[in-house]
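Please provide a short report on the aromatic ring pairs and the strand sheet of this protein model.

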Amino acid sequence: MRRVPRIKWVVLLLLMPLCVLAQRSPLQGSFANGEAAEGVHIINRTANRYTIADQEGAFEIVAKPGDTLVFSAVQYQLDALIVTPDHFQEEFIVTLQEYRNKLGEVRLGNPLSGSLERDLSKIAIAPSINYYDLGIPGFQGVHAEKIIPLHKTVKFVGLGFGIDVEALYKNLGGYYKNLHTKRQWEQENADAVAMAQTYGSTLFLERYHIPMEKIDDFLYYCMETSDIQKNYQSGNHALVLDVFNEKALVYQNQLGGKD
């Protein structure tokens, strides 16, 4: 009978390291980009925490091994990593990749002689190429129909004018209005799915107490009553989270009223 307490102590001692690892603690880090990284958003998607880098590119955020950190800024490519125990022991430095437009090599041709025919004969005509030949991604789908406003269906040329009959009919018949509404819905659906994947269901369930089956409805409510779509599309995650904080309580009250 005396061995039972000893066994309990042994079990507790074995579980203590796991409890320590399960606890979150402040994680200090910095960006190799230095002062240029000021204002970068650091988001702990697992713990639903976020912070911003200071003037020297340093930051501190609560985390534990296994958490996912996301680094977001307009001037840098979106990046993410999984926290490991080494990040707490060693100097934690993150390097962000900048967005850069690379220009091709510029070559100067032969000087012009003043004779158009002679200069044209010296021009070497290269075979036609497209962006696929250059390895540049290009649009391969079907181009969306352009919506022509009503005031542009009539064009004046000199003393006369011309009428785009098809565009005029689509304006008066409500076709363009329905098409515009449909595209808005499609964009809202795409943004709602993207936001749900970016921030994860844990954020809405644990922090804002939004039921799993109501997450999409909550995102639509936020899009209808704020500029959250514009903020999300521009990568301003801090403003997106501010909208969640503001709208969650109002939405919960509405759910309580419906119930």
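The report below treats the aromatic rings and then the sheet.

This is a predicted model, in which local features need pLDDT of at least 70 and side-chain atom pairs count only at pLDDT 80 or more, whereas totals for chains, interfaces and linings use all residues. Residues are numbered from 1 along each chain as its sequence is written, and side-chain values use heavy atoms, with hydrogens and water left out.

The structure contains 12 aromatic pairs. Rings of Phe, Tyr and Trp (its six-membered ring) pair if their centres lie within 6.5 Å; planes under 30 degrees apart count as stacked, over 60 as edge-to-face and the rest as tilted. The centres of the Phe-204 and Phe-244 rings lie 5.2 Å apart with their planes at 70°, so this pair is edge-to-face. Phe-204 belongs to helix α6 and Phe-244 to helix α9, 40 residues apart, and the pair thus links distant parts of the chain. Both residues are buried (under 20% relative accessible area, with a 1.4 Å probe and protein chains only). Ring pairs also join a cluster whose members include Phe-204, Tyr-208, Phe-244 and Tyr-251.

An open sheet of 4 strands runs in the order β3-β2-β5-β6 with antiparallel pairing. Two strands pair if DSSP finds at least two bridges between them; strands (E, at least two residues) and helices (H or I, at least four) are DSSP runs, numbered from the N terminus. Strands β3 and β6 stand at the edges with a single partner strand each, so one side of each has no neighbour in the sheet. Strands β2 and β5 pair over 4 bridges, and Ile-42 stands opposite Phe-71 in β5.

| Strand | Residues |
|---|---|
| β2 | residues 41–44 |
| β5 | residues 68–72 |
| β3 | residues 49–52 |
| β6 | residues 79–82 |

Definitions and conventions: Buried means under 20% relative accessible area, exposed over 50%, partly exposed in between (1.4 Å probe, protein chains only).
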